[in-house]
Amino acid sequence: MMSQDTKKPAVKTTGHSWDGIEELSNPLPMWWVWGFYITCAFAFVYWLLYPAWPIGHMYTKGVPGLNTLTYTATSVDGKETQKTTHWNMRSKFMVEMNEHKAAQKQWFDKVASMPFAEVSKDADLMQFVNSAGKTLFSDNCAPCHQAGGQGKIKFSPNLTDDHWQYGGTYEDIHTTLVGGRRGAMPSFKAVLSGEEIVQAANYVLSLSGEPHDAGAAKAGDALFHGKAGCYACHGPDAKGMTAIGSANLTDKIWLWADVQGAKTPEAKLDEVKYVLINGANNGVMPAWGARLKPEQIKLLTVYVHDSLGGGK
Ligand code: HEC
Ligand code: HEC
């Protein structure tokens, strides 16, 4: 042994020594020992409070009454039930959702109780309208009207412009949302001859300054205000009627005939002819009265009117 040569350490050793290296026997530092005890105590309390140990197909759920969570669950059909469970991530999430909903409710109540125009003047409230409106719109409207509300030709109208087929006042938009809309543009296949359809289509193009055959358009004018009866729905000035959503034919905004998108005069004519031959009544704006809460519809009305487009 070479330990005689080395200086004896001041601390106790275990007596083990290998090639002069001795194993010291220092007591554990107090902070470490206490840390260990506290960890054990923490684990024990944790087992009592939270789901912890697997047993068979189940697990310990914590001692009932020590840590339970109570929350309100809303089913798909809107029924609310109170639930109490042991602590778990799902019920914790539900409790937090309940809290957020309660916080939201104050804002929704405010929207519900104020006239439209007042809501739009309240800057704080409008912040809520914009964020809640964006979410409601993404969840319910964006599938048809697109994420930014810009719509899609031949499918759904643009809600970001100041053109409103069914009227752009708060009340009009509210009526649209509650009851839905379905414009009924009839097919003229059985009413007009092929030549007359071409004439009516030329007249329609002339109304918004598109290239057209002036002679045919003149005959189309007579059909529009006479035999075909277009004026009854679109109005004698062809500006449309918001009550029935008959399109304004004098502007550059189209929904079913893609006149703006068509490159050549022939293609533009074909677009209008297609609508006259087939009608346009497949575009359905669903009714939201039974699907969304009144305060959600009111908030969406303000969102569409003030934040998306130029409401009137
Ligand atoms: C299934 C597709 C679809 C969904 C979903 C939908 N819309 Fe529509 N929406 C339409 C169509 C199509 C029209 C046009 C109806 C017509 O021309 O007769 C329309 C029309 C409208 C109009 C009238 C526009 C005008 O110019 O007068 C408004 C406002 C509107 N939608 C808002 C909404 C909002 C807000 C939501 C969500 C709550 C929504 N829509 C959900 C398809 C949809
Ligand atoms: C019964 C009422 C009615 C009559 C009659 C009628 N329309 Fe329409 N028309 C509508 C409605 C409503 C729409 C909008 C349909 C929609 O958006 O769902 C429409 C849409 C159109 C469009 C498409 C506009 C676009 O934005 O793409 C054209 C073009 C049109 N009508 C032309 C005519 C012409 C021309 C006649 C006569 C030959 C006529 N309409 C007769 C109700 C009518």
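Predicted model: local features only at pLDDT ≥ 70, side-chain atom pairs only at ≥ 80, totals over all residues.
Colleague: How many residues surround ligand 1, and which are the closest?

Modeller: The shell around ligand 1 has 23 residues, and the closest are Cys141, Cys144, His145, Tyr166 and Met285. By class, the shell divides into 15 nonpolar, 7 polar and 1 charged.

Colleague: Which N or O atoms lie 2.8 Å from an oxygen atom of ligand 1?

Modeller: A polar contact is a pair of N or O atoms within 3.5 Å. Here a backbone N or O atom of glutamine 165 is 2.8 Å from a ligand oxygen. Tyrosine 166 places a polar side-chain atom 2.6 Å from an oxygen atom of ligand 1. On the nitrogen side of the ligand, a side-chain N or O atom of histidine 145 is 2.8 Å from a nitrogen atom of ligand 1. Elements giving two or more residues to this shell are helix H5 (142-145), helix H6 (170-179) and helix H11 (294-308).

Colleague: How many disulfides does the structure hold?

Modeller: A disulfide is a covalent bond between the sulfur atoms of two cysteines. The structure holds 0 disulfides.

Colleague: Why does cysteine 230 count as buried?

Modeller: Buried means under 20% relative accessible area. Cysteine 230 is buried because its relative accessibility is 16%. Cysteine 144, with a relative accessible area of 33%, is partly exposed.

Colleague: Into which domains is the chain divided?

Modeller: The assignment gives domain 1 (1-49), domain 2 (68-112), domain 3 (114-181 + 285-308) and domain 4 (194-278). Taken over C-alpha atoms, the centres of domain 1 and domain 2 are 52 Å apart.

Technical notes
Residues numbered from 1 in each chain as written. Chains lettered and ligands numbered in written order. Heavy atoms only, no water. Near = heavy atom within 4 Å. Polar contact = N/O pair within 3.5 Å; in protein donor to acceptor, adjacent residues only side chain to side chain. Helix = DSSP H or I, 4+ residues; strand = E, 2+ residues; numbered from the N terminus. Nonpolar A, V, L, I, M, F, W, Y, C, P; charged D, E, K, R; others polar. Disulfide = S-S within 2.5 Å. Buried < 20%, exposed > 50% of the residue type's maximum accessible area, 1.4 Å probe, protein only. Domains from an automatic or database assignment.
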